[in-house]
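Work through the following exercises with the sequence and the coordinates open beside the text. Each task is followed by a solution that goes step by step.

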Amino acid sequence: SQLCAAPTIEYVSPAVLQRGAVKRVEVHGTDLSGAFDLWMSLPTGGVRAKAIGAATVDTATFEVQVPAAAPLGLYAIRAATPSGLSNAQIFLIDELPVQQPSVDPSAENKPIPLQLPACVAGVCRERTIDQYTIEVSAGQRVSFEVVGSRLGKDFDPLLTIHDRQGKLVAEG
């Protein structure tokens with residue numbers, strides 16, 4: 001008999017899904033040919049995934065539906081292939097609308113406008129700075145949370161906030 005290599009997920013894009021929404025999710029890794037489903041560590045009646053097109057050796061695409069009642073938080077996701085289940089990757093279910101800015105190398109260091117409220121599913125790249133612009137009214141409160149290391153990613157985020165004139169307002 002012939003042994004098949006176990007599928008491996010290197011990353012999931014986006015790594016965050018909004019509850020009550022349907023989103024296209026790409027799983028990237030190795031030996032993903034024939035991937036037909038996603039296993040997720042949510043309670044029964046959780047997220048449903050439907051394969052879109054034929055998976056290649058390094059990419060599988062799914063349409064993922066998250067129920068409106070899905071609990072918020074971090075969960076595991078694994079790709080199901082004829083060779084078995086992949087390793088687990090961590091993903092997040094959030095209540096905010098997910099915005100996934102495109103990574104355009106020619107647009108590097110140019111701010112990306114965001115509509116609030118928002119959850120940004122960014123891509124961490126070495127030696128890069130992602131910049132976003134938001135409109136905030138006087139007295140309006142805005143909070144920020146960076147979820148990176150909890151998704152198993154090794155990076156050290158720095159958040160700086162500047163006003164319209166470019167003056168530093170806060171850093172952390």
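**Exercise 1. Determine what share of the chain's contacts between residues at least 6 apart in sequence join residues at least 24 apart.**

Solution. Start from the contact criterion, which is heavy atoms within 4.5 Å. Among such contacts in the chain between residues at least 6 apart in sequence, 51% join residues at least 24 apart. Before going on, note that this is a predicted model, in which local features need pLDDT of at least 70 and side-chain atom pairs count only at pLDDT 80 or more, while totals for chains, interfaces and linings use all residues. Residues are numbered from 1 along each chain as its sequence is written, and side-chain values use heavy atoms, with hydrogens and water left out.

**Exercise 2. State how many helices and strands the chain has, and what percentage of its residues count as buried.**

Solution. Take the elements as DSSP runs numbered from the N terminus, with helices being H or I runs of at least four residues and strands being E runs of at least two. On this basis the chain has zero helices and 15 strands.

**Exercise 3. Find the aromatic pair and classify its geometry.**

Solution. Rings of Phe, Tyr and Trp (its six-membered ring) pair if their centres lie within 6.5 Å, and planes under 30 degrees apart count as stacked, over 60 as edge-to-face and the rest as tilted. The structure holds one such pair. The ring centres of Tyr-75 and Phe-91 are 6.2 Å apart and the planes meet at 45°, so the pair is tilted. Since Tyr-75 belongs to strand β7 (residues 73–81) and Phe-91 to strand β9 (residues 89–94), the pair ties together parts that are 16 residues apart in sequence. As for burial, Tyr-75 is buried at a relative accessible area of 12%, and Phe-91 is buried at 1%.

**Exercise 4. Identify the two salt bridges and place their partners in the chain.**

Solution. Apply the rule that a side-chain nitrogen of Lys or Arg lies within 4 Å of a carboxyl oxygen of Asp or Glu, which gives a count of two. In one of them, Arg-19 pairs with Glu-95, with the closest N and O atoms 3.8 Å apart. This pair links distant parts of the chain, 76 residues apart, with Arg-19 in the loop between β2 (16–18) and β3 (22–30) and Glu-95 in the loop between β9 and β10 (98–99). Arg-19 is partly exposed at 27% relative accessible area, and Glu-95 is partly exposed at 48%.

The side chains of Arg-164 and Glu-135 also meet in a salt bridge, at 2.9 Å from N to O. Here Arg-164 sits in the loop between β14 and β15 (168–171) and Glu-135 in the loop between β13 and β14, 29 residues apart. Arg-164 counts as exposed at 69%, and Glu-135 counts as exposed at 60%.

**Exercise 5. Which backbone features at Pro-14, Pro-117 and Asp-31 deserve a check?**

Solution. Begin with the background: most residues other than glycine have a negative phi, and most peptide bonds are trans. The bond from Ser-13 to Pro-14 is cis, with omega near -5°, and Pro-14 lies in the loop between β1 (8–13) and β2. The bond from Leu-116 to Pro-117 is likewise cis, with omega near -5°, and Pro-117 is found in the loop between β11 (112–113) and β12 (119–120). Asp-31, although not a glycine, has a positive phi of about 55°; this residue lies in the loop between β3 and β4 (37–40) and is partly exposed, with a relative accessible area of 31%.

Methods. Buried means under 20% relative accessible area, exposed over 50%, partly exposed in between (1.4 Å probe, protein chains only).
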